[in-house]
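Good morning, and thank you for coming.

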Amino acid sequence: QVQLVESGGGSVQPGGSLRLSCAASGSIVRFNAMGWYREAPGKQRELVAAIALTSDSSTNYADSVKGRFTISRVNAKSTVYLQMNSLKPEDTAVYYCNAKQLVLATEYNIWGQGTQVTVSS
């Protein structure tokens, strides 16, 4: 069973930067995409950014983070990164790494344990 381990969260002032890492413990060849979601207190979990595990590595971002966040991957390390720049207080949340597999019409998801990101002055 593949496990996802996040790291890189922490506290930062508005305008600062953080880089989150998500390392998969095993092979990710069966997954179609990996990404980052976040969950703020009292809010639903939402997609932040996703990257396809295909040759084109197409990406998808939430409108609220476009131009500030960048998702990338290193195949050899089965690792996905989220570079977060120009952080805002509203980015404060627990960030979860996700790996998604599509089998016919069924979606299978694996989640990491989450890492806290706090943006505050």
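Let me begin with a question: is Ser 86 buried, partly exposed or exposed? Ser 86 is partly exposed, with a relative accessible area of 41%. On this scale, buried means under 20% relative accessible area, exposed means over 50%, and partly exposed lies in between, with a 1.4 Å probe and protein chains only.

Before going further, I note that this is a predicted model, in which local features need pLDDT of at least 70 and side-chain atom pairs count only at pLDDT 80 or more, while totals for chains, interfaces and linings use all residues. Residues are numbered from 1 along each chain as its sequence is written, and side-chain values use heavy atoms, with hydrogens and water left out.

Ser 86 is located in the loop between β8 and β9. Its phi is positive, about 50°, although Ser 86 is not a glycine. As background, most residues other than glycine have a negative phi. Ser 57 also has a positive phi, near 50°. Ser 57 belongs to the loop between β5 (46-52) and β6, and with a relative accessible area of 25% it is partly exposed.

I turn to the strands, which are DSSP runs (E, at least two residues) numbered from the N terminus. An open sheet is formed by four strands in the order β1-β3-β8-β7, with antiparallel pairing. Its edge strands, β1 (4-7) and β7 (69-74), each pair on one side only. On average, neighbouring strands of this sheet are turned by 15° against each other, direction ignored; here axes are lines fitted to C-alpha atoms, for helices over the stretch in contact, and angles run from 0 to 180 degrees between N-to-C directions. Two strands count as paired if DSSP finds at least two bridges between them. Strand β3 (residues 18-24) runs antiparallel to strand β8 (residues 79-84), and six bridges join them. Within that pairing, Arg 19 has Gln 83 in β8 as its bridge partner.

A further antiparallel pairing, over six bridges, connects strand β9 (residues 93-103) with β10. Tyr 108 lies in β10, which spans residues 106-111, and Gln 101 stands opposite Tyr 108. The hairpin of β9 and β10 has two residues between the strands, and Leu 104 there takes a positive phi near 55°.

What makes up the nonpolar surface patch of about 360 Å²? Val 103, Leu 104 and Tyr 108 do. Patches are made of residues with over 30% relative accessible area and no salt bridge, like charges being joined within 9 Å and nonpolar side chains (Val, Leu, Ile, Met, Phe, Trp, Tyr) within 5 Å. Accessible areas come from the Shrake-Rupley method with a 1.4 Å probe, and for residues only the protein chains shown count as cover. Tyr 108 has a relative accessible area of 44%, so it is partly exposed.

Next, the charged pairs. How many salt bridges does a search of the whole structure find? The search finds six, a salt bridge being a side-chain nitrogen of Lys or Arg within 4 Å of a carboxyl oxygen of Asp or Glu. One of them joins the side chains of Arg 38 and Asp 91 at 2.9 Å, N to O. Arg 38 lies in strand β4 (residues 33-39) and Asp 91 in the loop between β8 and β9, so this pair ties together parts that are 53 residues apart in sequence. Arg 38 is buried at 6% relative accessibility, and Asp 91 is buried at 0%.

Asp 91 also forms a salt bridge with Arg 68, the closest N and O atoms being 2.8 Å apart. Because Arg 68 lies in the loop between β6 (59-61) and β7, that pair ties together parts 23 residues apart in sequence. Arg 68, too, is buried, with a relative accessible area of 11%. Through shared partners, salt bridges join Arg 38, Glu 46, Arg 68 and Asp 91 into one network.

Elsewhere, Arg 45 and Glu 39 meet in a salt bridge of 3.0 Å, N to O. Arg 45 is partly exposed at 34%, and Glu 39 is partly exposed at 31%.

Finally, the disulfide. The structure holds one, a disulfide being a pair of cysteine sulfur atoms within 2.5 Å. Cys 22 and Cys 97 form it, with their sulfur atoms 2.0 Å apart. The pair links Cys 22 in strand β3 to Cys 97 in strand β9, 75 residues apart. The torsion about the S-S bond is about -80°, so the disulfide is left-handed. Both cysteines, Cys 22 and Cys 97, are buried.
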